[in-house]
Amino acid sequence: MKSNLQFDFLVNKENNTLTMVREFHAERQLVWDCYTKQELLDQWFSPKPFTTKTKSMDFKEGGHWHYAMVTPEGEEYWGYTEYVDVHPIDYYRTLDAFSDSKGTINKDLPRAKWLVTFNDKGANATVTTEVTYASLNDLETVINMGMKEGMLSTLEKLDELLITLKK
């Protein structure tokens, strides 16, 4: 799905950060719900052709989301997100990591702090995601893993979901 919605992917190697700004054709509350409710996240949070499955989720400060991105062949790539700070429909902060199916953090892959902020842009909403890594090496590792392409594909899936939810 191609659109003229804003998508900025900014790399700051001095601060070890990625900043992504993405606009959606939907109101902020609906976009917030898509980012914070398991039944909606499972419909979009993975690049095509992957699907997402949640093992457990408790969206609140001190809570977590343990999920897998699943290939069409059934191979699972697990992630574990800890919710650090939640301010409904404005922003939330997380500590994000790669994990195994039991939720054990993979210490060989980068862990990151995420700040996800939701704003109005006319009738649309924007989501600004700032991801901070511990080192330049960690930042470059995720870039080389295809972070930009993966996020672009994943957010296009959210565009498609939002169309169905607004009907």
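A cavity is a set of points, on a 1 Å grid over the protein atoms alone, where a 1.4 Å probe fits but cannot get out. Grid points are joined across faces, edges and corners, and a volume is the space filled by probe spheres set on the points. The model is predicted, with local features needing pLDDT of at least 70, side-chain atom pairs counting only at pLDDT 80 or more, and totals for chains, interfaces and linings using all residues. Residues are numbered from 1 along each chain as its sequence is written, and side-chain values use heavy atoms, with hydrogens and water left out.

**Figure 1. The largest cavity holds about 30 Å³ of space.** One cavity of 30 Å³ or more is found in a search of the whole structure. Its lining (residues with an atom within 4 Å of a point) consists of M20, V21, R22, Y35, V127, T129, M151 and L155.

**Figure 2. The lining of the largest cavity, by residue class, has six nonpolar residues, one polar and one charged.** Ala, Val, Leu, Ile, Met, Phe, Trp, Tyr, Cys and Pro count as nonpolar, Asp, Glu, Lys and Arg as charged, and the others, Gly among them, as polar.

**Figure 3. The largest pocket has a volume of about 910 Å³.** A pocket is an open set of points with protein on both sides within 12 Å along at least five of seven lines. The largest pocket is lined by 36 residues, with F45, Y67, M69, F98 and M147 nearest its centre. Elements that give two or more residues to this lining include helix 2 (38-44), strand 4 (64-70), strand 5 (76-87) and helix 4 (147-165). Strand 6 contributes the largest share, six residues. By class, the lining of the largest pocket comprises 25 nonpolar, nine polar and two charged residues.

**Figure 4. The protein around these spaces has four helices and eight strands.** Helices (H or I, at least four residues) and strands (E, at least two) are DSSP runs, numbered from the N terminus. Along the sequence the pattern is β-β-α-α-β-β-β-β-β-β-α-α. The C-alpha atoms fill a box of roughly 40 × 35 × 30 Å, taken along the principal axes. Of the 167 residues, 47% are buried (under 20% relative accessible area, 1.4 Å probe, protein chains only).

Methods. Buried means under 20% relative accessible area, exposed over 50%, partly exposed in between (1.4 Å probe, protein chains only).
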